[in-house]
Amino acid sequence: ALLFDTSCSRHTMIKAALVLALSAGASSAALTTPHGWRDVEDVSGSSEMLSLSFFLHLCPKKVSLLEAEVLERSTPGNPKYGQGWMSNEEVHEMVAPSAEHVQLVTEFIEAHGATPIFPTPNSDVITATVSIETAEKMLAADYRSYHHAGSNTTLVRTLSYTLPESLSGAVSVVGPTDRFTTRTAPIVQSTDGDGPYDNSPANLRSMYGVGNTDGGVAADNSQAVTAFLGEYYNAKAEANFF
């Protein structure tokens, strides 16, 4: 559960409780090594580079406004029904974090000799590439290398971290820190059969009536692959679909 200050003011303390993430006071709870993972190496103080991502708080009022706008435009009988959808730029602008919060995180990154990068149009995520040694100073963290035998995955993570009090109202989560991705189920290979329920590109195109249409031609279009509910992609399937 996460409780926000609905005023989105940097001067009001935001109290938050995040499972496996950021808690009140911009400090994560100290964890034990997750089941299935093994601490294999102390990388503390390493010059190895790490890409940190700072996810800024989103104002609940702005998110509620966006939700209301979408419902109005998609509800028959509403005056806004059928007026078209908001552009990507309009959505990002509507839910953008405060300029004060963006400035606070930017100055924090620069104070540690790093260059802030803004990968999203509204700066709700700010990244920086730093050495593990610098990341530990920024987050008061102790990074180590962990291995998951079941999936043969190795990650650099910390079991806890802390941000300065000045960032407690600006930052929701920092990663990679104390979140571990664990594959808990065996991989089940699927086939590209011709049955009506086979999850193949041809059947999906037919089901949604898109034919051979590509997913857009804009130069900055991007696609992402995720995994949840015990289902995971593999490289062969990814190449087949994308």
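**View 1. Contacts of Asn122.** Beyond its neighbours within four places in sequence, Asn122 is in contact with His92, Val95, Ala96 and Pro97 (contact: heavy atoms within 4.5 Å). The model is predicted: local features need pLDDT of at least 70, side-chain atom pairs count only at pLDDT 80 or more, and totals for chains, interfaces and linings use all residues. Residues are numbered from 1 along each chain as its sequence is written, and side-chain values use heavy atoms, without hydrogens and water. Asn122 sits in the loop between helix 3 and strand 5 (DSSP runs numbered from the N terminus; helices are H or I, at least four residues, and strands are E, at least two). Asn122 counts as buried because its relative accessibility is 8% (buried: under 20% relative accessible area; exposed: over 50%; partly exposed: in between; 1.4 Å probe, protein chains only). Its side chain reaches the backbone oxygen of His92 at 2.9 Å.

**View 2. The largest nonpolar core.** This core has 28 residues (buried Ala, Val, Leu, Ile, Met, Phe, Trp, Tyr and Cys joined through side-chain atoms within 4.5 Å). Leu52, Phe54, Val105, Leu139 and Tyr143 have the most contacts inside it. Elements giving two or more residues include strand 4 (49-56) and strand 8 (171-175). Helix 3 gives the largest share, 5 residues.

**View 3. Around Val105.** Leaving aside neighbours within four places in sequence, Val105 touches Phe54, Leu56, Ile126, Leu167, Ala170 and Val171. A second, separate core has 5 residues, among them Trp37, Tyr146, Leu155 and Leu159.

**View 4. Met207 in helix 5.** Met207 belongs to helix 5 (residues 201-208). Met207 counts as exposed because its relative accessibility is 55%.

How values were computed
A polar contact is a pair of N or O atoms within 3.5 Å; within protein, one must be able to donate a hydrogen and the other to accept it, and residues adjacent in sequence count only if both atoms are side-chain atoms.
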